[in-house]
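Here is a short briefing to read with the structure open beside you.

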Amino acid sequence: VADIFPKYYILNVNNFNDIAQDTLDEWIYFLKNSEIPKDCKAKGLKSASEKLRIDQLPEAERKAYQREREYKWWERDILETAQRKAVVKAQADTARILIGLGHDDQLIQTATKLSLEQIEALRAGELLDEEKTKD
């Protein structure tokens, strides 16, 4: 087998005595029994166990779980996008005030963290890209 698959190891988990003495043994226990040994320390084992738990759910429950996770990701993305837009709008509003007061680009850049290109666009009366899209 080593000549055919020189970078792979074949583990015969059926011969394992279910006593985990190190982190490799914890993984072997998990592979054999589909559960985590008590007080496990092996990296990634709890995550693998959670994925196995989800995979073992009945199909309808698994699909509902996946829909819920996708909804939460979508919801988080919308919130993060709204927060980024709010920050850019606040920066642009501050920059417009400073432009109106006659301050130079360097001071405006320091105060708002906007790029010089963005400040030039604001001086030209343009909206920043983040301000152009509707919420």
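What follows is a tour of the helices and the core. Please keep in mind that this is a predicted model.

**Helix H3**
- After H3 comes Gly 102, which has a positive phi, near 85 degrees.

**Gln 91**
- Gln 91 sits in helix H3.
- With a relative accessible area of 18%, Gln 91 counts as buried, because the cut-off for buried is under 20%.
- Leaving aside residues up to four places away in sequence, Gln 91 touches Thr 112, Lys 113 and Leu 114.

- In soluble globular proteins, nonpolar side chains tend to be buried together.
- Here, the largest nonpolar core has 11 residues: Val 88, Ala 92, Ala 95, Leu 98, Ile 99, Ile 108, Leu 114, Ile 119, Ala 121, Leu 122 and Leu 128.
- H3 and H5 are the elements that give two or more residues to this core.
- Leu 128, a core member, touches Val 88, Ala 92, Leu 114, Gln 118, Ala 121 and Leu 122, not counting residues up to four places away in sequence.

**How H3 meets H4**
- The axes of H3 and H4 lie 10 Å apart, and the two helices pack at an angle of about 150 degrees.
- H3 and H4 are therefore roughly antiparallel to each other, since angles over 145 degrees count as such.
- Their crossing is right-handed.
- On the H3 side, the contact involves Gln 91, Thr 94, Ala 95, Leu 98 and Ile 99; on the H4 side, it involves Leu 107, Ile 108, Ala 111 and Thr 112.

**How H1 meets H2**
- Helix H1 (residues 23-33) packs with helix H2 (residues 45-55) at an angle of about 5 degrees, and their axes are 11 Å apart.
- That angle makes H1 roughly parallel to H2, because the limit for this is under 35 degrees.
- H1 brings Glu 26, Trp 27 and Phe 30 to the contact, while H2 brings Leu 45, Ala 48, Ser 49 and Leu 52.

Conventions: Residues numbered from 1 in each chain as written. Predicted model: local features only at pLDDT ≥ 70, side-chain atom pairs only at ≥ 80, totals over all residues. Heavy atoms only, no water. Helix = DSSP H or I, 4+ residues; strand = E, 2+ residues; numbered from the N terminus. Buried < 20%, exposed > 50% of the residue type's maximum accessible area, 1.4 Å probe, protein only. Contact = heavy atoms within 4.5 Å. Core = buried A, V, L, I, M, F, W, Y, C linked by side-chain atoms within 4.5 Å. Axes fitted to C-alpha atoms, helices over the stretch in contact; angles between N-to-C directions. Parallel < 35°, antiparallel > 145°, perpendicular 65-115°, else oblique. Left-handed = near helix turned anticlockwise from the far one by under 90°.
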